Amino acid sequence: MLNLLHVEVCQNVGSLLTEFDIKKLVQTEFDSLEEIILNKPLLSENFSTDALKTHVQSIYCSCEQEQGIHVKLLKETIIKIYVYRLNQEDIAIETIHKDGEEISAAAHWMLPSDKFFGLWENLFYDPGVKEKLVNFVETAMVYSERQVNPHIISWNKVILLHGPPGTGKTSLCKALAQKITIRLGHKFTRGELIEINSHSLFSKWFSESGKLVMNIFNEIKILLQDPKALIFILIDEIESLAHARKACTTGSEPSDSIRVVNALLTQLDNIKQFPNVLILTTSNLTEVIDVAFVDRADIKLYISLPNEQAIYSIYSNCVEELMRTNFIRPEKIHDMEYLKRLNYEENSESKNSLTLYQLSCKSINMSGRTLKKIPFLAHALYNQARECSLHEFLMAMNFAIQWQTENS
Ligand code: ADP
């Protein structure tokens, strides 16, 4: 039963309609729909009215309980509509210059950004992983707003995603920041994401690092003064802080390195108190990370290598993209629900989808990063990027998976 439907509506940048008008247009569109497609954007060419086509770029529906793709709207279903516009500003980069090398230390995006458009729906995990993250952050923000005493109920706004490299942790953090900015659009007028590249900051020891950390946090504190701005701080590869500490204690690194690590930890502790900040961290270590900061993370979520269902979604997505770009002649790829209903039995309708499912099972133990390269390898190595049928392409993918397994 569908209790609550979240509907994210991306309004065209040039559109002058008010949020109220956009909501009315969307509501009318929904009144005429038999069923809703979840977790897949509905693009403007599929809208039924010209007004909606003119003003709206895409509509994305999701809900917490449902795992299927198609759902029927009920009279009781509460529809929450979030209207947003994409920010088209380019990313701003903070760099360190040393010995002729330029190293990126922090990057800054205004959210919702067109650079992250579609990122969320193109990340595939076990059912519930992404929803859990959104619920967690929304709860933390409500606690923050109501000033729930953290000495009575323990909570804070630090998330750690850890797991093998290439499993989409960094992408998920960015997509989450974008999603939360959209969902909390009624409280905050914009989001800002600052990604601190701790790997480049701490992998080499520069006296500049300390100064840079101070500069970055001074800027962040200025941003935090605006209560209408929601600030996300993303620290990638947090384990490099732990390595840096260890290297200091064993005496193999100069002592100002420990000062830089400590400065960063103190600064993070300070800014956590602000109601409009959220700290997102990632680590490639699969075991428990021994670093002071990580102990403070409330939600530590292990992001595993994708299972066959997630792989199937990644591959289907890739193949559909190659159909869109005329490399593969269009053919229906069924979703996993359909294959399950058929009990994985082969018929003329399910044949290609079943082959894709078998390829997914063969690709277990590959990271999302590797999986997304397979279609390209299939083209480059076995198909010379010519137009072909889905069946031919799946054969090429099979070779590419074999090649990848032998060469990794
Ligand atoms: P990590 O931070 O875990 O090393 P990244 O976020 O850098 O991983 O992801 C690397 C690439 O792999 C990105 O293009 C990302 O979209 C893709 N990717 C990884 N895991 C998944 C997944 N589960 N679903 C879809 N894409 C994925």
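Trainee: Ser-144 first. Is Ser-144 buried or exposed, and why?
Mentor: Ser-144 counts as buried, because its relative accessibility is 10% and the cut-off for buried is under 20%. Keep in mind that this is a predicted model.

Trainee: Where does Ser-144 sit?
Mentor: In helix H3, which covers residues 129–146.

Trainee: Which residues does Ser-144 touch, leaving out those up to four places away in sequence?
Mentor: Trp-155, Lys-157, Phe-274 and Pro-275.

Trainee: Zooming out. How many helices and strands does the chain have?
Mentor: There are 14 helices and 13 strands. The chain has 408 residues, and 48% of them are buried.

Trainee: And what share of the contacts links residues 24 or more positions apart?
Mentor: That share is 76%, counted over contacts with a separation of 6 or more.

Trainee: Which residues lie nearest the centre of the largest cavity?
Mentor: Glu-8, Tyr-84, Gly-118, Glu-121 and Ile-182. They belong to a lining of 15 residues. Strand E4 (56–62) and helix H4 (169–183) are the elements that give two or more residues to that lining. H4 has the largest share, with 4 residues.

Trainee: What classes of residue make up the lining of the largest cavity?
Mentor: 9 are nonpolar, 3 polar and 3 charged.

Trainee: Where does the largest cavity lie relative to the domains, and why?
Mentor: Between domain 1 (4–84) and domain 2 (92–302), because both give residues to its lining.

Trainee: Now pockets. What is the volume of the second largest pocket?
Mentor: About 560 Å³. Its lining has 28 residues. Ile-182, Arg-183, Leu-184, Gly-185 and His-186 lie nearest the centre of this pocket.

Trainee: Which elements supply at least two residues of that pocket's lining?
Mentor: Strand E1 (4–11), helix H1 (19–31), strand E6 (78–85), H3 and H4. E6 gives the largest share, 6 residues.

Trainee: How does the lining of the second largest pocket split by class?
Mentor: It has 11 nonpolar, 9 polar and 8 charged residues. Domain 1 and domain 2 each provide at least three residues of this lining.

Trainee: Backbone next. Where is there a cis peptide bond?
Mentor: Between Leu-111 and Pro-112, with omega at about -10 degrees. Pro-112 is in the loop between strand E8 (101–111) and H3.

Trainee: Which residue has a positive phi of about 65 degrees without being a glycine?
Mentor: Asn-326. Its loop runs between helix H9 (308–324) and helix H10 (336–341). Asn-326 is exposed, because its relative accessible area is 55% and exposed means over 50%.

Trainee: What about Asn-365, what is its phi?
Mentor: Near 85 degrees, a positive value in a residue other than glycine. Asn-365 lies in the loop between helix H11 (351–362) and helix H12 (368–371). Asn-365 is exposed, with a relative accessible area of 63%.

Trainee: Last topic, aromatics. How many aromatic pairs does a search of the whole structure find?
Mentor: The search finds 4. One aromatic cluster is formed by Tyr-312, Tyr-344 and Tyr-357.

Methods:
Residues numbered from 1 in each chain as written. Predicted model: local features only at pLDDT ≥ 70, side-chain atom pairs only at ≥ 80, totals over all residues. Heavy atoms only, no water. Buried < 20%, exposed > 50% of the residue type's maximum accessible area, 1.4 Å probe, protein only. Contact = heavy atoms within 4.5 Å. 1 Å grid on protein atoms, 1.4 Å probe; cavity = no way out; pocket = protein on both sides within 12 Å on 5 of 7 lines; lining within 4 Å. Nonpolar A, V, L, I, M, F, W, Y, C, P; charged D, E, K, R; others polar. Domains from an automatic or database assignment. Phe/Tyr/Trp six-rings, centres within 6.5 Å; stacked < 30°, edge-to-face > 60°. Points joined across faces, edges and corners; volume = space filled by probe spheres on them.
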